[in-house]
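Morning, everyone. I have one model to show, and I'll keep it quick. Please look at the screen.

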Amino acid sequence: MADTRDFAERLEIALVSWLDTAAPYHEFAAQFFRTAADPTSALSPFSNESHPARATAVALFRDVLQGSDLAPKLDAELVELLPDVLWLHLMVVVLYWVFDRTEDTERTREFVRRSTPMAARVINLSRYRVFRPIVRDAKGLIQDFILPTIGKTAVK
């Protein structure tokens with residue numbers, strides 16, 4: 001990402017890098033998912049025990065955003081929340097990846113390729129005044145209902 005300022009490209013690099021790193025474990029993904037889906041499991045990505053890995057991923061998404069051309073244009077409140085939202089986007093990618101049986105998880109890679117520009121456009125639109133009420137409503141829902149369910153996540 002060092003040579004890339006475009007937010008969508010940076011996000012795609014981060015997500016594809018996760019897919020590349022996780023590729024050797026894809027064979028075991030369904031078994032892992034069964035355990036990780038249990039809300040009482042330490043292997044759940046939402047558990048307190050998973051906080052260090054989650055914090056590392058959120059920090060990566062913070063770097064994705066802060067090193068992009070988009071960050072200076074966004075509302076400060078949104079910039080603070082977006083790394084967590086981008087981690088949730090990764091969780092959607094992971095869920096799709098678990099069930100993807102195409103060679104080299106090509107469908108998941110295509111999902112990432114097509115969803116990152118769309119995510120970037122939605123985030124870019126959020127900076128316009130006409131969308132502020134919707135952005136604030138979404139931010140409130142995320143802060144009130146999603147973040148409190150994630151282990152060791154402080155509600156702000």
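Ground rules. This is a predicted model, where local features need pLDDT of at least 70, side-chain atom pairs count only at pLDDT 80 or more, and totals for chains, interfaces and linings use all residues. Residues are numbered from 1 along each chain as its sequence is written, and side-chain values use heavy atoms, with hydrogens and water left out.

Aromatics. Rings of Phe, Tyr and Trp (its six-membered ring) pair if their centres lie within 6.5 Å; planes under 30 degrees apart are stacked, over 60 edge-to-face, the rest tilted. That rule gives 4 aromatic pairs. One of them joins phenylalanine 33 and phenylalanine 99, edge-to-face, at 5.8 Å centre to centre with 75 degrees between the planes. Phenylalanine 33 is in helix α2 (residues 29–36) and phenylalanine 99 in helix α4 (residues 76–99), 66 residues apart. Helices here are DSSP runs (H or I, at least four residues), numbered from the N terminus.

How accessible are they? Buried means under 20% relative accessible area, exposed over 50%, partly exposed in between (1.4 Å probe, protein chains only). Phenylalanine 33 is partly exposed at 30%. Phenylalanine 99 is exposed at 57%.

Next pair: phenylalanine 46 and tryptophan 87, edge-to-face, 5.3 Å between centres and 75 degrees between planes. Phenylalanine 46 lies in the loop between α2 and α3 (51–66) and tryptophan 87 in helix α4, so this pair ties together parts 41 residues apart in sequence. Phenylalanine 46 is partly exposed, at 32%. Tryptophan 87 is buried, at 3%.

What sits over the ring of tryptophan 87? The charged end of arginine 54, 5.9 Å from the ring centre. The criterion: NZ of Lys or CZ of Arg within 6 Å of the ring centre and within 35 degrees of the ring normal.

Now the core. A nonpolar core is a set of buried Ala, Val, Leu, Ile, Met, Phe, Trp, Tyr and Cys residues joined through side-chain atoms within 4.5 Å. The largest has 37 residues, and Phe7, Leu11, Phe61, Leu74 and Trp87 touch the most other members. Helix α4 gives the largest share, 13 residues. Beyond four places in sequence, phenylalanine 7 touches residues including Val64, Leu86 and Ile123; contact means heavy atoms within 4.5 Å.

Last, backbone. Most residues other than glycine have a negative phi. Aspartate 104 has phi near 55 degrees, and threonine 105 near 45 degrees. Aspartate 104 is partly exposed at 46%; threonine 105 is buried at 7%.

Notes. Helix = DSSP H or I, 4+ residues; strand = E, 2+ residues; numbered from the N terminus.
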